[in-house]
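Please open the model in a viewer and keep the selection panel at hand.

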2 protein chains.
Amino acid sequence: MRDQDLERVRRLPLFATMDDAGFDRLAPISYLQQFPAGVHLISEGDQADFLHVVVEGSVELYATGNGRETTVAIIQPVTAFILAAVLKDMVYLMSARTLENSRILMIPAGSIRETMETDTAFCQAMVRELARGFRSMVKTVKNQKLRTAAERLANYLLVAHEQQGTGGQVKLPFEKRLLAAYLGVTPENLSRAFKTLETSGVRNSRTMIHIDDLSALRKMAQPSPLIDTPEEW
Amino acid sequence: MRDQDLERVRRLPLFATMDDAGFDRLAPISYLQQFPAGVHLISEGDQADFLHVVVEGSVELYATGNGRETTVAIIQPVTAFILAAVLKDMVYLMSARTLENSRILMIPAGSIRETMETDTAFCQAMVRELARGFRSMVKTVKNQKLRTAAERLANYLLVAHEQQGTGGQVKLPFEKRLLAAYLGVTPENLSRAFKTLETSGVRNSRTMIHIDDLSALRKMAQPSPLIDTPEEW
DNA sequence: TATTATAATTGATATTTATCAAGCTTATTC
DNA sequence: GAATAAGCTTGATAAATATCAATTATAATA
C-alpha cells in the first residue's frame, strides 16, 4: 500500500482518532486494489467479509428485486461504505460496483470488529459514522415518499449547484441513466422531468446543466434542510 | 420511576450491558411519563434534547414536506428511537406522536453522550443499535423503490402473519389509514390494493385480515429476506 | 338505543410514472 | 473519418397512484 493512500485513509474522520498501534495493525492486512469501471465489488446477500473504503474513483451502491434495480447511493472519495453489515457480521443488503477507474481499500471485517472492541475512540467514530448513515437514509426515504420525480430532480440540481459553486452551471459527475436510477425513475422519465424544469429556468445538454433562474427553481423545488442538506461528519 | 419499568428498560439490549454505576446515574435524571393517544412528542427540526424510549404503548415517527405527510416507522415497546440525532447533537429529522396510551422514558441527551464516552460496552451497544437502524432504513428504501403498493402490502401481511403465528389470520395493530401512510399510499389506494390481493386469497374486514391461500400470496409478494425480514439486535 | 362522528370503500377523473418503440445525438472503435 | 455502439429524447400507450366526491360501515357518544 502506498504511503500517500495510507495517509489519505488515516485522515478520514472514521480512522483519524484511532490509536497508532491499532491503525498500524490494520494497514498491513488490508488490500488496496485498483479496479476499472463496471467491476462488481459486492453482491447483496453475501456475507460482509471486508470494510470497503473508496480511496479514489467512485462506487455505486444498488439493489435489485421484483425484476427491478435501483441505485441507493453513490460513494465518492474518501469514504467507507456499508459499515453496518461489517459491524453486525451480517450479509450485505446492497450490491456495489465501480463507476469509473477506482482504488478501493479492503479491510478484513473481523479486524475492524476487534479494533472497535478495544479502541474507544474508534468505537465513537463508528457511532458517528453510523448515525450519519442512518440520517442520510431517513432523508432518502423522505425524498422518495414526499416528492414527485421532478421535485427530486430540482432539489438534486440545487444541492449540486451549491456544492460546485459554478454560478448557474452544474456538471453531472456521471451518466443521466445513473441519476435516473438514483432518483427512482426510468431514464425516459428523467428526460421528461428535465423537460418539466424548463419552465423553471433549467436547460441541459447531456451532463451539462444550466440554471438560468435560481429563484424559480427554488420555488419549484421547495428545498428543506431536513431532506436535502448532505449529512456531514 | 417504577422499579418495574426500570427493569424493563434495563433489560433492553441497548442498556443491558451498561455498567451499573452508569445506569444508576441515568435513572434518577430521566423522566417517565404517561401520554394519551395523539400526543405530539417530537417535532422534526427541533434540537434533540432527549433520548426517548417507548416503555408501553406505541409511537409513530412521521415526516412532512411539500404539503404531504408520511409515516416512516412505528415504534413498539420496549424500544428507543432516533438515537442518531441525540448522539450527533443535531435536530430531529422526524416527528413523533403517540398512537395510543403510552409510557415514554426520556433520558437527557447530554447524559447519553457522556455515558457513551466512558462506557465501552454502552458504546458498542450503541453501534449495534445504529447499525440495526441503518439496515432497517435501507430495507425501507428498497421496499419503496423496487415494489408497487400492492407488493408492499402483500409482503407486510406475510411478515405480520409470520409474527402473529395465527394460522391464516392477521390483526392489524392500528387503523388502516396509518398502514397506508407507512406503505406510502393514500387510504383510497390501500383499499384498492387490498382489493387487488383478493385474487391472491386475501379477505379483510376493517383491521381483521384473512389469508386463505398463503402460497398464492407468497407468489404475488415475492418476499426477500433482504427487504422483509425485520432487523434484529 | 339512537345519533353523530370517523374510518373505509367505491366511483370517476386527473396526474404521475412505466413500458415499448423509434429516432436522434454523442461517444467509441476501427 | 467512417462505422458502430451506447446514451438520450420523444411519441404513444398502459399502468400505477393521487385527488375529489359520495356512499357505506363501524365506532363513539349521548
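## Where the two chains meet

This is a predicted model. Begin by selecting chain A and chain B together: 55 residues of chain B are in contact with 55 residues of chain A. The area buried between chain B and chain A is about 4700 Å², and carbon and sulfur atoms give 69% of that area.

Next, turn to the charged side chains. Six salt bridges are found across the interface of chain B and chain A. To see one of them, select A:Glu231 and B:Lys88, whose side chains meet in a salt bridge at 3.9 Å, N to O. For polar contacts between chain B and chain A, the count is 27 residue pairs, with both residues at pLDDT 80 or more.

Now colour chain B by its elements. On the side of chain B that touches chain A, those that give two or more residues are β4 (59-65), β5 (68-75), α4 (83-87), α5 (109-118), α6 (120-146) and α8 (176-183). By kind, the residues on the side of chain B that touches chain A divide into 26 nonpolar, 14 polar and 15 charged.

## The axis between the copies

Why can the copies be said to meet through the same surface? Because 100% of the interface residues of chain B are also interface residues in chain A.

## DNA strand D

Select DNA strand D and the 18 residues around it; A:Lys176, A:Arg177, A:Arg192, A:Lys195 and B:Ala149 come nearest. Of the atoms of DNA strand D that come within 4 Å of the protein, sugar and phosphate account for 74%.

- A:Arg206 has a polar side-chain atom 3.1 Å from a sugar or linking oxygen of DNA strand D.
- B:Glu188 has a side-chain N or O atom 3.1 Å from a base nitrogen of DNA strand D.
- B:Asn189 has a side-chain N or O atom 3.4 Å from a phosphate oxygen of DNA strand D.

The elements giving two or more residues to the surface near DNA strand D are α8 (176-183) and α9 (187-197) of chain A, together with α9 (187-196) of chain B. Of these, α9(A) gives the most, with four residues. The residues of the surface near DNA strand D comprise two nonpolar, six polar and ten charged.

## DNA strand C

Finally, select DNA strand C. There are 18 residues around DNA strand C, and A:Ala149, B:Lys176, B:Arg177, B:Arg192 and B:Arg206 come nearest. Sugar or phosphate holds 72% of the atoms of DNA strand C within 4 Å of the protein, and the rest belong to bases.

Focus on A:Glu188, where a polar side-chain atom lies 3.2 Å from a base nitrogen of DNA strand C. Then select B:Arg206, where a side-chain N or O atom is 3.0 Å from a sugar or linking oxygen of DNA strand C. Here α9 of chain A, together with α8 and α9 of chain B, are the elements that give two or more residues to the surface near DNA strand C. The most, four residues, comes from α9(B).

Terms used:
Residues are numbered from 1 along each chain as its sequence is written. Chains are lettered from A and ligands numbered from 1 in the order in which they are written. This is a predicted model: local features need pLDDT of at least 70, side-chain atom pairs count only at pLDDT 80 or more; totals for chains, interfaces and linings use all residues. Side-chain values use heavy atoms; hydrogens and water are left out. Contact means heavy atoms within 4.5 Å. Buried area is the accessible area (1.4 Å probe) that two parts lose on being put together, summed over both. A salt bridge is a side-chain nitrogen of Lys or Arg within 4 Å of a carboxyl oxygen of Asp or Glu. A polar contact is a pair of N or O atoms within 3.5 Å; within protein, one must be able to donate a hydrogen and the other to accept it, and residues adjacent in sequence count only if both atoms are side-chain atoms. Ala, Val, Leu, Ile, Met, Phe, Trp, Tyr, Cys and Pro count as nonpolar, Asp, Glu, Lys and Arg as charged, and the others, Gly among them, as polar. A residue is near a molecule or strand if one of its heavy atoms lies within 4 Å of it.
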